[in-house]
Amino acid sequence: MGAFFLNQSLNKSLCSITTAVFRNWSEMKRLSDISSRPFLFLIRETSIKPLRKKNLGNPADEQRKRERHPKGEKAKDVTP
């Protein structure tokens, strides 16, 4: 299983998305053949960049961070 995501900087018009996929189609096929599963790639206008899972973020992790350190409250130093 693998995924190709569109870069947010791409214009959201159907024409720009189609053009980006068309330009990168052969590279997408090649990468899907040689990459170990699971894989993630970001489709840019003229290139494809590998994505690391840490770049995706997890909403649950973000919520835990906010619960640990509410706004305006700094982490307490617990060193003796």
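In the predicted model, S16 is buried, with a relative accessible area of 18%. This value falls below the 20% limit under which a residue counts as buried. S16 is part of helix α1, and its side chain reaches the backbone oxygen of S13 at 3.1 Å. Helix α1 spans residues 14–34.

The structure holds 1 salt bridge, in which the side chains of E27 and R30 meet at 2.7 Å, taken from N to O. This distance is within the 4 Å cut-off for such a contact. Both E27 and R30 lie in helix α1, where 3 residues of separation correspond to about one turn of the helix.

Aromatic contacts were examined next. A pair of aromatic rings is described by the distance of the centres and the angle of the planes. The structure holds 3 aromatic pairs. Among them is the pair of F4 and F39, with 5.6 Å between the ring centres and 65 degrees between the planes. Because planes over 60 degrees apart count as edge-to-face, the F4 and F39 pair is assigned to that class. F4 belongs to strand β1 (residues 2–6) and F39 to strand β2 (residues 39–43), so this pair ties together parts that are 35 residues apart in sequence. The two residues fall into separate accessibility classes: F4 is partly exposed, with a relative accessible area of 25%, whereas F39 is buried, with a relative accessible area of 9%.

A further pair is formed by F4 and F41. The ring centres of F4 and F41 are 5.6 Å apart and their planes stand at 20 degrees, so the pair is stacked. The assignment follows because planes under 30 degrees apart count as stacked. This pair also links distant parts of the chain, with F4 in strand β1 and F41 in strand β2, 37 residues apart. F41 is buried, with a relative accessible area of 8%.

Taken together, ring pairs link F4, F39 and F41 into a cluster. F39 and F41 are buried, while F4 is partly exposed.

Note on methods. Residues are numbered from 1 along each chain as its sequence is written. This is a predicted model: local features need pLDDT of at least 70, side-chain atom pairs count only at pLDDT 80 or more; totals for chains, interfaces and linings use all residues. Side-chain values use heavy atoms; hydrogens and water are left out. Helices (H or I, at least four residues) and strands (E, at least two) are DSSP runs, numbered from the N terminus. Buried means under 20% relative accessible area, exposed over 50%, partly exposed in between (1.4 Å probe, protein chains only). A polar contact is a pair of N or O atoms within 3.5 Å; within protein, one must be able to donate a hydrogen and the other to accept it, and residues adjacent in sequence count only if both atoms are side-chain atoms. Rings of Phe, Tyr and Trp (its six-membered ring) pair if their centres lie within 6.5 Å; planes under 30 degrees apart count as stacked, over 60 as edge-to-face and the rest as tilted.
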